[in-house]
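Hi,

Here's the structure I promised to pass on.

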Amino acid sequence: MSFVPRIAIVGAGPGGLVLARLLHVAAIPATVFEREAHALARPQGGTLDLHADSGQLALQLAGLDEDFRRIARYEDQGNRVYDKTGTLLFSDDGTHGDRPEVDRTALREILLASIPADTIRWGQNLSEVRPRADGAYDLIFGGETAGPFDLVVGADGTWSRTRPLVSAYKPQYTGLTFIEFGIDDVDRRHPVLSAFVGRGKMDAQSDGRAMIIQRNGNAHLRGYAIFRVPADWATATFDFTAPTLARARLAKEFEGWAPEFLDLIHAGNDHIVPRPIHALPVGHHWPTRIGVTLIGDAAHVMSPFGGEGVNAAMLDAAELGRHLVEADDWKTGVSTYEAEMFERVVEPAAYAAEAVATELSHIGQELTLKHMNEHIGAG
Ligand SMILES: Cc1cc2nc3c(=O)[nH]c(=O)nc-3n(C[C@H](O)[C@H](O)[C@H](O)COP(=O)(O)OP(=O)(O)OC[C@H]3O[C@@H](n4cnc5c(N)ncnc54)[C@H](O)[C@@H]3O)c2cc1C
């Protein structure tokens, strides 16, 4: 690159951090601005399966293969599908898979350890990206300003404050709300439930609702109860400040299901929160604007079905990093990245949208089983 731009990355999620790492390796300076106060300000969420041709590839390109192998849980790739009576309809132990699970916190830790600590400015909640008369951009955080920057990369997730500079689109509610809950120390405290879920993911759908449970590291289970409801239904129906009451109310929604499902809810800790699922339209794109681009959920948030979101975010980061390093002119690097990304993301986004449309439909579980049999095969 003949001229090295001043680069700001907004957001220290998986996308922003992979990009920061790649630029660091190439000795291109960049600053990451993150609204969280510090690395452990909030639990980073559940388990993610990293795909060989995207999430894993991004970590290889970032030189973090060895760290990845240290945190990868190949043993937790199983899949089970039950009906509401607790009858097992599909089971695969997952031992032949190449989509190992990693805990989000472990992923963030290896990425943070791979860049100098002063690359990140914590506690910086971006309110606006402001264009300057000279063609560069300032970042506005409440009353404070940082800049100028030649290139601002929005890696700031679903509700990106960078996106309005390139696109008028906002993520739309998909009609599905997840209620997330967690179970600690499951192997020791709830061995029956541990055996019911198995080593990986468990899925059950019936009566217009679903339950997905994922095994995380450290004998933790993360559960999602899924409903097709108006966007404000969960907050209007549950008191999430009173976890015991919220669990009891959630269990009522699953009355008539096998006792294991109800026991999973009652075994939950006090982390019980609503997650209304939003998505940008399939094929979301924008005309290139010099000096601003987006990666990950900021560019193409999709429903979590298919488990592509984090993989797509990390691959975006790897590709943008590669184009910035390889291009003679950074502006061409960014526009090439965008053109390729718009095409690349259509397929996973279409899959995620299709899954949202059919989840909890009259043939919902039939489709899940068909997908499992075609793509995973009975174990
Ligand atoms: C319930 C649920 C389950 C999911 N399960 C899976 C799964 O199993 N597999 C999978 O691949 N994907 C899953 N996803 C999707 C996945 O979480 C995202 O696709 C992925 O995290 C996107 O990474 P990112 O770096 O683009 O954004 P994010 O991970 O959202 O990171 C954005 C970062 O930007 C910061 N930020 C946001 N706004 C600002 C601001 N104004 N100023 C400064 N910083 C800001 C945030 O604090 C955060 O650190 C799931 C999503 C949900 C909602």
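Predicted model: local features only at pLDDT ≥ 70, side-chain atom pairs only at ≥ 80, totals over all residues.

Residues are numbered from 1 along each chain as its sequence is written, and side-chain values use heavy atoms, with hydrogens and water left out.

Which residues come nearest to the ligand? Of the 32 around it, they are Glu 34, Arg 104, Leu 126, Asp 297 and Val 310 (a residue counts as near if one of its heavy atoms lies within 4 Å).

There are some polar contacts to look at too (pairs of N or O atoms within 3.5 Å). Gly 15 has a backbone N or O atom 2.9 Å from a ligand oxygen, and a polar backbone atom of Gly 309 is 3.3 Å from an oxygen of the ligand. With Asn 125, a polar side-chain atom sits 3.2 Å from a ligand nitrogen. On its own the ligand has 1000 Å² of accessible area, and the protein covers 87% of that (Shrake-Rupley method, 1.4 Å probe).

Helix 1 (14-25), strand 3 (47-49), helix 4 (104-113) and helix 11 (309-326) each give two or more residues to the shell, and helix 11 has the largest share, with 3 residues. Helices (H or I, at least four residues) and strands (E, at least two) are DSSP runs, numbered from the N terminus.

Now the domains, whose bounds come from an automatic or database assignment. The chain splits into domain 1 (7-76 + 98-171 + 280-357) and domain 2 (174-278), and the ligand shell draws at least three residues from each. Their centres, taken over C-alpha atoms, are 29 Å apart. Between them the two bury about 1200 Å², 59% of it on carbon and sulfur atoms (accessible area lost on being put together, 1.4 Å probe, summed over both).

Two backbone details to finish. The peptide bond from Gly 147 to Pro 148 is cis, and Pro 148 belongs to strand 10 (residues 144-149). Asn 218 has a positive phi, near 55°, in the loop between strand 14 (209-215) and strand 15 (221-228).

Cheers

Technical notes
Polar contact = N/O pair within 3.5 Å; in protein donor to acceptor, adjacent residues only side chain to side chain.
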